[in-house]
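This report considers the charged and aromatic side chains of one protein model.

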Amino acid sequence: PVVEAIETFRKLKEENLVRLETEFIETALTRKIYELCEKARRRHKIALLYGESQIGKTTTLIVFKETHNHGETVYVRMPTRASISCLLLELALVLNIPTSLRGLELRRAILNCFDARMLLIVDEAHEGSVGALNFCREIHDRRKCGVVFAGTRVFKDTLQLGLEAKNFRQLVLRGLPPLQLPARPGKRELDAFSKAYDLGPAGDDPVSARVTYVDDAGREKTQTITHAPEALQRDVIEQWGLGRWCMILQEARDLAKEKRRPITWGGVIAAWHSFERLSQFDAEPL
């Protein structure tokens with residue numbers, strides 16, 4: 001039974017790594033995040049990572065954990081509006097510690113899971129209370145492991161300007177120079193995404209796509225949609241973020257596979273049209 005359990009676990013991990021390799025695209029931005037994580041682990045330091053939602057930081061941190069694990073990296077997502085007790089429970093689940101433990105026993109069990117070889121990644125850190133964040137700092141202080149805190153601009157403002165800024169002073173002073181991610185991916189990053197999906201760089205010339213859809217009355221309609229790929233890419237990124245753009249590219253790729261055709265920018269425009277219809281509200285009465 002033990003061997004069977006190991007084989008099952010290995011199969012699941014290998015399938016997950018294949019999924020990550022096909023969906024995750026490395027860019028200059030992700031390499032900077034990797035470098036920050038490695039530096040924090042190697043130097044046993046605290047590192048601060050700031051970036052807005054839908055910029056790709058969470059995906060990058062999860063992939064880093066999956067590909068650099070080997071017992072060295074622990075990833076935990078801070079629960080929403082987390083008190084220290086909420087964080088302790090989340091860490092217990094991640095570290096396979098019995099959740100029946102309470103108080104000092106639970107804290108001690110969590111601390112004993114870390115050592116100087118390891119890295120703790122705390123994502124969505126802006127959701128944590130003073131107590132929750134300071135417990136992560138305590139893990140660093142007592143066990144000498146690296147810690148990376150990742151959060152939005154809210155996290156940066158809370159540490160530097162918030163009502164509890166004095167309580168966070170030790171956390172900030174122990175840190176490496178923070179990494180501030182840009183609000184939106186640059187052209188080099190977006191071109192890397194296009195290349196990964198077997199597309200050329202998004203151009204300025206208009207491209208047309210003929211789409212068929214069912215309207216709210218149940219009637220099938222056909223329409224020609226025309227967009228310049230570069231402008232469409234920019235508009236989606238600005239309005240919805242990188243996550244939505246990746247979903248559109250994935251949808252275009254899957255549709256092309258179903259039709260046994262190569263992916264094209266026309267196919268991307270058609271996929272965008274499908275998402276756009278889902279985002280609209282019909283103002284006409286039923």
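Predicted model: local features only at pLDDT ≥ 70, side-chain atom pairs only at ≥ 80, totals over all residues.

The side chain of aspartate 157 takes part in a salt bridge with arginine 153, with a distance of 3.1 Å from N to O. Arginine 153 is likewise partly exposed, at a relative accessible area of 44%. Both residues belong to helix α7, which covers residues 153-161; they stand 4 residues apart, so about one helical turn separates them.

**Salt bridges**

The structure contains 11 salt bridges in total. Three of them are listed below.

| Salt bridge | N to O distance |
|---|---|
| Aspartate 157 and arginine 153 | 3.1 Å |
| Arginine 41 and glutamate 38 | 3.4 Å |
| Arginine 253 and aspartate 254 | 3.4 Å |

Arginine 41 and glutamate 38 are both located in helix α2, with a spacing of 3 residues, or about one turn of the helix. Glutamate 38 is partly exposed, with 24% relative accessibility.

In the bridge between arginine 253 and aspartate 254, the two partners fall into separate accessibility classes. Arginine 253 has 18% relative accessibility and is therefore buried, the limit being under 20%. Aspartate 254 has a relative accessible area of 33% and is partly exposed.

**A positive surface patch**

Which residues gather in a patch of positive charge on the surface? The patch consists of Lys39, Arg42, Arg43 and Lys45. Arginine 42 is situated in helix α2, which spans residues 28-43.

**Aromatic side chains**

The model has 4 aromatic pairs. In one of them, the ring centres of tryptophan 245 and tryptophan 265 are 6.4 Å apart and the ring planes meet at 20 degrees, so this pair is stacked. Tryptophan 245 is part of helix α11 (residues 242-258), whereas tryptophan 265 is part of helix α12 (residues 265-278); the pair therefore ties together parts that are 20 residues apart in sequence. Both tryptophans are buried: the relative accessible area is 0% for tryptophan 245, and the relative accessibility is 13% for tryptophan 265.

A further aromatic grouping is the cluster formed by Tyr50, Phe149 and Phe155.

Definitions and conventions
Residues numbered from 1 in each chain as written. Heavy atoms only, no water. Patch = residues over 30% accessible without salt bridge, like charges linked within 9 Å, V, L, I, M, F, W, Y side chains within 5 Å. Areas by Shrake-Rupley, 256 points an atom, 1.4 Å probe, with all protein chains shown as cover. Salt bridge = Lys/Arg side-chain N within 4 Å of Asp/Glu carboxyl O. Lys, Arg positive; Asp, Glu negative; His and termini not counted. Charge placed at Lys NZ, Arg CZ, Asp CG, Glu CD. Helix = DSSP H or I, 4+ residues; strand = E, 2+ residues; numbered from the N terminus. Buried < 20%, exposed > 50% of the residue type's maximum accessible area, 1.4 Å probe, protein only. Phe/Tyr/Trp six-rings, centres within 6.5 Å; stacked < 30°, edge-to-face > 60°.
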